[in-house]
Amino acid sequence: MSEAEIKSLEEQFDAKIARDEKIEPKDWMPEKYRKTHIRQISQHAHSEIVGMLPEGNWITRAPSLRRKVALLAKVQDEAGHGLYLYSACETLGITREQMYEDLHSGKAKYSSIFNYPTVTWADMGAIGWLVDGAAIINQVPLCNTSFGPYARAMVRVCKEESFHQRQGYEIMLSLCNGSEEQKEMAQDALNRWWWPSLMMLGPTDAESTHTAQSMKWKLKRKTNDELRQQFIDQTVPQADILGLTIPDPDLKWNEETGHYDFGEIDWDEFWQVVKGHGPMNKSRLDARRNAWENGAWVREAATAYADKQREGKEEAAKAS
Ligand code: BYC
């Protein structure tokens with residue numbers, strides 16, 4: 001392709017983005033747009049799949065049948081989200097095997113938040129309330145992202161996430177209306193999950209390598225700091241209803257800005273976790289690798305069965 005042809009394609013692409021039209025898999029797109037989407041969508045898919053582990057830890061210990069059913073359904077939804085996202089990502093020309101390989105080798109990232117342990121039942125409440133709460137704030141703008149398959153996957157994901165957030169908040173409400181010990185469990189879970197939930201929305205805009213370009217492409221519709229502020233403003237009144245204290249002595253309503261001011265985030269901790277040194281990184285990756293290796297016989301059996309079916313059909317076609 002000549003330089004002039006590429007320039008014309010780039011101009012058409014930019015004009016489409018400016019008109020808020022969706023980019024579809026077979027449309028021409030700049031290589032960097034494709035690569036950035038593969039990076040973000042695959043990391044998002046991995047986060048959903050790894051994100052099943054901390055909650056999966058509590059399915060057998062849920063305190064009632066009702067809680068067990070809801071948690072089981074939530075974890076299954078997360079598997080579904082991962083699968084939509086892997087499918088959306090495949091439309092950009094990467095195979096699912098390659099994505100798995102990148103996760104298992106440690107090359108691909110997944111959300112920092114899932115590298116923390118779930119030590120009490122209250123953590124199921126805190127994850128639903130805070131982690132899914134932050135996820136919704138991050139993902140609602142993605143329903144309007146420029147790449148069609150990602151935007152469409154996000155619509156369904158967001159509907160399910162709002163149910164997840166409500167089930168988490170309801171667990172917190174029950175604990176806070178329960179015994180003194182239950183309320184302490186809820187406060188302890190908030191203390192442990194608050195700061196990691198703020199970190200989950202990514203580094204500050206000043207430190208974010210991808211935000212400026214992703215905003216231009218309308219991949220991202222809001223910056224990391226905008227999302228974080230929105231999350232804090234939305235969540236503080238919810239903590240008040242629960243009667244819980246956000247573990248940030250600097251948290252204060254600011255009349256002038258119309259937002260909450262908040263304390264310093266420990267970014268060293270965030271980068272340590274992102275680089276693989278969080279409390280549960282090793283355990284999470286080991287669990288995913290083991291699941292992949294132990295599931296090899298299922299994949300082989302399914303392939304052998306599909307081959308047999310195909311051979312049978314070919315022989316039948318020959319005979320007729
Ligand atoms: N953890 O330039 P930046 C869920 C990396 S699952 C780890 O700001 P970007 C749920 C970033 O990748 C929710 N790494 O990046 C499931 C980049 O490194 P690379 C998951 C992080 O992409 C089960 C570098 O830091 N949500 O809801 O513009 C149960 C610089 O960052 C993190 C999504 O994936 C992090 N937290 O913005 C319950 C949403 N943050 O790639 C709930 C889709 C940043 O250059 N993703 N990094 O090596 C996004 O919206 C964006 O990718 C982010 C980061 C806002 C997360």
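## The largest pocket

The largest pocket holds about 1200 Å³ of space. Keep in mind that this is a predicted model. Of the 50 residues lining that pocket, Arg39, Gln40, Gln43, Ser111 and Met200 are the closest to its centre.

At least two residues each come from α2, α4, α5, α6, α7 (148-176), α8, α10 and α11 (267-277). Sorted by class, the lining of the largest pocket has 20 nonpolar, 16 polar and 14 charged residues.

## The second largest pocket

Next comes the second largest pocket, with about 240 Å³ of space. Its lining has 16 residues, and Tyr110, Val274, Gly276, Asn281 and Leu285 lie nearest the centre.

Here α11 and α12 (281-294) each supply at least two lining residues, and α12 gives the most, with five. By class, the lining of the second largest pocket comes out as six nonpolar, four polar and six charged residues.

## Aromatic pairs

Now for the rings: the count comes to 12 aromatic pairs. One of them is Trp58 with Trp121, whose ring centres are 6.3 Å apart and whose planes meet at 65°, so the pair is edge-to-face. Trp58 sits in the loop between α3 (52-56) and α4 (65-90), while Trp121 sits in the loop between α5 (96-104) and α6 (122-139), so this pair ties together parts that are 63 residues apart in sequence. Trp58 is buried, with a relative accessible area of 9%, and Trp121 is buried too, with a relative accessible area of 9%.

Trp194 and Phe231 make a stacked pair, 5.9 Å centre to centre with 25° between the planes.

## Charges over rings

Back to Trp58, the edge-to-face partner of Trp121: Arg61 lies over the face of Trp58, 4.0 Å from the ring centre. Further along, Arg299 places its charged end over the ring of Trp292, at 3.5 Å from the centre.

Technical notes
Residues are numbered from 1 along each chain as its sequence is written. This is a predicted model: local features need pLDDT of at least 70, side-chain atom pairs count only at pLDDT 80 or more; totals for chains, interfaces and linings use all residues. Side-chain values use heavy atoms; hydrogens and water are left out. Rings of Phe, Tyr and Trp (its six-membered ring) pair if their centres lie within 6.5 Å; planes under 30 degrees apart count as stacked, over 60 as edge-to-face and the rest as tilted. Helices (H or I, at least four residues) and strands (E, at least two) are DSSP runs, numbered from the N terminus. Buried means under 20% relative accessible area, exposed over 50%, partly exposed in between (1.4 Å probe, protein chains only). A charge sits over a ring if NZ of Lys or CZ of Arg is within 6 Å of the ring centre and within 35 degrees of the ring normal. On a 1 Å grid over the protein atoms alone, a cavity is a set of points where a 1.4 Å probe fits but cannot get out, and a pocket is an open set with protein on both sides within 12 Å along at least five of seven lines; lining residues have an atom within 4 Å of a point. Grid points are joined across faces, edges and corners, and a volume is the space filled by probe spheres set on the points. Ala, Val, Leu, Ile, Met, Phe, Trp, Tyr, Cys and Pro count as nonpolar, Asp, Glu, Lys and Arg as charged, and the others, Gly among them, as polar.
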